[in-house]
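The stops below say what to select and what to look for.

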Amino acid sequence: MEIQKPIAIVGGGVAGLTAANFLKQNNIPFILFEAGNKLAGLAASFTDSDGFSYDFGAHFVTNRLANAIGVGAECRLVKHYGEAVWLKGKSYSYPFGLLKIPRMSLSFVSTRMNALGRKQTPSLASEWFSQKYGRALAQEVALPLIEAWSGAEAENLSSAVGASLPGSIFKTLYLKTASLITGRAVACGYNKEMPESAGVWHVYPNGGTSILCKKLAEGLDDYIKLNSSVEEILVENEKVVSVKVKGEMYPVSAVISTAPANILAKLVKGSSALKGAAKFRYRPMVFVNLRFTGRDLLPDTVLWFPEKNFPFFRLTEVTRSMPWLAPEGKSIITVDIGCEKDDEFWTMNEEKLVELCLQNIVEVIPDAKKRYLGYNVLRTPIAYPVFLNEYEKERKDFSKSTNIDNLLSIGRNGEFSHMFMEDVYWRTRKKVNNLINHKVDDKIV
Ligand SMILES: Cc1cc2nc3c(=O)[nH]c(=O)nc-3n(C[C@H](O)[C@H](O)[C@H](O)COP(=O)(O)OP(=O)(O)OC[C@H]3O[C@@H](n4cnc5c(N)ncnc54)[C@H](O)[C@@H]3O)c2cc1C
């Protein structure tokens, strides 16, 4: 592409900064606009005066991503990461413990046998999960969790929601076994772009996940504008020609956007190519970080709650995997509450939220109220893309292209895909490489 005018990048999270870093390496002029007053987006990290550190929801990074970005040497090894499910007052490890429940293992085995030779992928999430995990596991665990996480009934969700979850149970068993043998938290369900293997494990950067963004942004100060929300993306003859920021027009050769797809659709003026994406919905989420005395309070790092009597669907005791995030003898548990904007959870005051969490956590940690030390609350309106059937065709179209040659939509919310940071990184590099070299291929660069 002939590039005299700069490329505009919308957003300074992992995706926008990966794009900026890649353009800089290739000597392509660009300008990055970030609406907020700091970089990192969903990869932001926070510390408090009592020595506790948090990310935006619990965040796990891989050694492969840390090395690719150049912060591998500044990371600590995560030795353990495990998940469990809370069912009828008991905890079952995932997947081994659940498979020990006879009705789960029997329905799983019979489903797998019936699936032999079946080629068609079901279009509904409800059928997809039953075929993949067996009826019992799907009905009692997977589907209620997907519903809590998406805020929609399983029959209204497309099977694409399954693509965002860890691969087959067999692969999970292999990766979990590799973890036990190597004493490293082998990543499972965190990568799709690059292969998962015993050689890819979790690490954590000293200083939090925002360190990844800090490294990507090194040497780019002159090209980054903070507090600069892109207000419009102007298209003429199906080509982006300029962006409007704080009332000022910037002529551009292309736009790389990381804004949520539905917001991007509204920013674009002069084309209806993104009309479909305007309907996409994201699930808002409230994260309540609770501080406690004591360690290893939950049965494992992540505890899932498929039963509807809990106001949350997940607890993460991040300090089980990353003990350095809290002072000695103390821990942090992050409570994930799915909500809708303006519903009772989204609008609930912080003290009430904490009270609600503590009341429900006592089922798992009976002396939680005695151990409780304090809290902080974070909210985001865009935690998860919701894969509704009603716009599945538009989602599929959008996943191929924005239909405007010089407009890329990248990143987790930009691609409308439940992606982790490593996939955001590799996909962004590949897509930006294709944009500047006029190619469409799947080569990772
Ligand atoms: C609860 C939760 C847990 C997660 N856990 C993990 C994990 O364990 N491991 C992992 O690898 N990943 C995890 N992720 C995913 C990870 O956070 C994201 O994949 C990644 O941070 C997305 O980066 P991004 O740049 O695509 O988007 P964002 O971080 O959302 O960045 C987009 C940026 O664009 C800016 N912006 C938006 N609109 C405009 C505009 N009009 N003009 C200018 N700027 C604009 C925003 O302010 C924002 O800074 C998790 C995500 C969530 C929600």
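Axes are lines fitted to C-alpha atoms, for helices over the stretch in contact, and the angles run from 0 to 180 degrees between N-to-C directions. Helices (H or I, at least four residues) and strands (E, at least two) are DSSP runs, numbered from the N terminus.

This is a predicted model, in which local features need pLDDT of at least 70, side-chain atom pairs count only at pLDDT 80 or more, and totals for chains, interfaces and linings use all residues. Residues are numbered from 1 along each chain as its sequence is written, and side-chain values use heavy atoms, with hydrogens and water left out.

**First stop: α5 and α6**

Select residues 125–133 (α5) and 135–150 (α6); their axes are 8 Å apart and the packing angle is about 135 degrees. The two helices, α5 and α6, are therefore oblique to each other. Show side chains for the contact (heavy atoms within 4.5 Å): on α5 they include Phe129 and Tyr133, and on α6 Leu143 and Ile146.

**Second stop: α1 and α15**

Next select 14–25 (α1) and 421–437 (α15), whose axes come within 9 Å and cross at roughly 45 degrees. This pair, α1 and α15, is therefore oblique as well, and α1 passes α15 in a right-handed crossing. Among the residues in contact are Phe22 and Leu23 of α1, with Met421 and Tyr425 of α15.

The ligand is surrounded by 31 residues, and the closest are Glu34, Leu42, His59, Phe60 and Met421. Now look at polar contacts, here pairs of N or O atoms within 3.5 Å. An oxygen atom of the ligand lies 2.7 Å from a backbone N or O atom of Leu42. For His59, a polar side-chain atom is 2.8 Å from an oxygen atom of the ligand. At Val230, a polar backbone atom lies 2.9 Å from a nitrogen atom of the ligand.

**Last stop: two backbone details**

Most residues other than glycine have a negative phi, and most peptide bonds are trans. Go to Pro95, in the loop between β8 (90–94) and α3 (96–99). The peptide bond from Tyr94 to Pro95 is cis, with omega near 0 degrees. Then select Glu238, in the loop between β11 (230–236) and β12 (239–245). Glu238 is not a glycine, yet has a positive phi of about 60 degrees.

Definitions and conventions: Angles under 35 degrees count as roughly parallel, over 145 as roughly antiparallel, 65 to 115 as roughly perpendicular and the rest as oblique. A residue is near a molecule or strand if one of its heavy atoms lies within 4 Å of it. A polar contact is a pair of N or O atoms within 3.5 Å; within protein, one must be able to donate a hydrogen and the other to accept it, and residues adjacent in sequence count only if both atoms are side-chain atoms. A crossing is left-handed if the near helix is turned anticlockwise from the far one by less than a right angle, and right-handed if clockwise.
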